[in-house]
Amino acid sequence: MRTDPHRLRELQPLDPSVVELREWSRITDDLSKERNRLASKLREQLWRYYPQFLELGADLSADWALDLWRLVPTPADARRIRPYRVTTLLKKHRLRRSYAKSVLATVRQEPVPTAPGVVAAAIAHCDSLERQLGILNEQARTADRRIGSLVSKLKGDR
């Protein structure tokens, strides 16, 4: 410090909103990584007994995909479900109504043969993952709202 005083400057404390925004940004990043990790685990479980669900090409951590899995957790359930229930679910998530037929056709494909107990075990694991993903989705929405309000607040300050 004695030899280079010209290189030093006094630091000004940051606006508290900037500090909070940085932290919410870190939280959002952590939540995103956790969602990806859990979605990969869910994909692995579905691959064991319900690969046709994966053919939907959906983001498994998306709310509509989780709701669809809750509605038809097995290929047998998919064959028993009425089309209007899938249409209603897709409408709720603002997806195209015509998509319901292709969704049903996909999940109603012939199931893969599995050993006894595999389906029950995989469903139990998927249920746990689905619940965790639901919580993460809600936390991510909260974080996004908070970031939006902080950015608006910072824009208003300038």
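This is a predicted model: local features need pLDDT of at least 70, side-chain atom pairs count only at pLDDT 80 or more; totals for chains, interfaces and linings use all residues.
Modeller: Residues are numbered from 1 along each chain as its sequence is written, and side-chain values use heavy atoms, with hydrogens and water left out.

Colleague: What makes up the secondary structure of the chain?

Modeller: The chain comes to seven helices and zero strands, where helices (H or I, at least four residues) and strands (E, at least two) are DSSP runs numbered from the N terminus. Read from that terminus, the elements run α-α-α-α-α-α-α.

Colleague: How does the radius of gyration of the chain stand against that of a compact globule of 158 residues?

Modeller: The radius is taken over C-alpha atoms, and the globule rule is 2.2 Å times the number of residues to the power 0.38. For 158 residues a compact globule would be near 15 Å, but the chain has 23 Å. Along the principal axes, the C-alpha atoms fill a box of roughly 75 × 35 × 20 Å.

Colleague: Why is Trp-64 called buried?

Modeller: Buried means under 20% relative accessible area, exposed means over 50%, and partly exposed lies in between (1.4 Å probe, protein chains only). Trp-64 has a relative accessible area of 14%, so Trp-64 counts as buried. Of the 158 residues of the chain, 33% count as buried.

Colleague: Which words then apply to Arg-94 and to Ser-128?

Modeller: Arg-94, at 79% relative accessibility, counts as exposed, and its place is in the loop between α5 and α6. The phi of Arg-94 is near 60°, a positive value in a residue other than glycine. Ser-128, placed in helix α7, has a relative accessible area of 33% and is therefore partly exposed. Ser-128 and Leu-42 are 86 residues apart in sequence and 9.4 Å apart in space, C-alpha to C-alpha.

Colleague: Why is α3 described as largely enclosed by the rest of the structure?

Modeller: Seven of the nine residues of α3 are buried, so the helix is largely enclosed by the rest of the structure. The buried residues are Trp-64, Ala-65, Leu-66, Asp-67, Leu-68, Trp-69 and Leu-71.

Colleague: How do you know that the buried residues of α6 line one face of the helix?

Modeller: In α6, which spans residues 99–107, the buried residues are Ala-100, Val-103, Leu-104, Thr-106 and Val-107. Seen down the axis of α6, these residues fall within an arc of 160°, so they line one face of the helix; the arc is that of the directions from the helix axis to the C-beta atoms. What covers the buried residues includes α2 (51–54), α3 (63–71), α4 (75–80) and α5 (83–92).

Colleague: With which residues is Val-86 in contact, leaving aside its neighbours within four places in sequence?

Modeller: Contact means heavy atoms within 4.5 Å. With those neighbours left aside, Val-86 is in contact with Leu-71, Ile-81, Ala-100, Val-103 and Leu-104.

Colleague: Why is the pair of Tyr-49 and Tyr-50 called tilted?

Modeller: Rings of Phe, Tyr and Trp (its six-membered ring) pair if their centres lie within 6.5 Å; planes under 30 degrees apart count as stacked, over 60 as edge-to-face and the rest as tilted. The structure holds three aromatic pairs. In the pair of Tyr-49 and Tyr-50, the centres are 5.6 Å apart and the planes are at 40°, so the pair is tilted. Both of these tyrosines are buried. Trp-64 and Tyr-99 form an edge-to-face pair, at 6.1 Å centre to centre with 70° between the planes. That pair links distant parts of the chain, with Trp-64 in helix α3 and Tyr-99 in helix α6, 35 residues apart. Tyr-49, Tyr-50 and Phe-53 form one aromatic cluster.

Colleague: What makes a set of residues a nonpolar core, and which members of the largest one touch the most others?

Modeller: A nonpolar core is a set of buried Ala, Val, Leu, Ile, Met, Phe, Trp, Tyr and Cys residues joined through side-chain atoms within 4.5 Å. The largest such core has 34 residues, of which Leu-42, Leu-46, Tyr-50, Phe-53, Leu-68 and Val-86 touch the most other members. At least two residues of this core come from each of α1 (16–49), α3, α5, α6 and α7 (118–157), and α7 gives the most, with seven residues.
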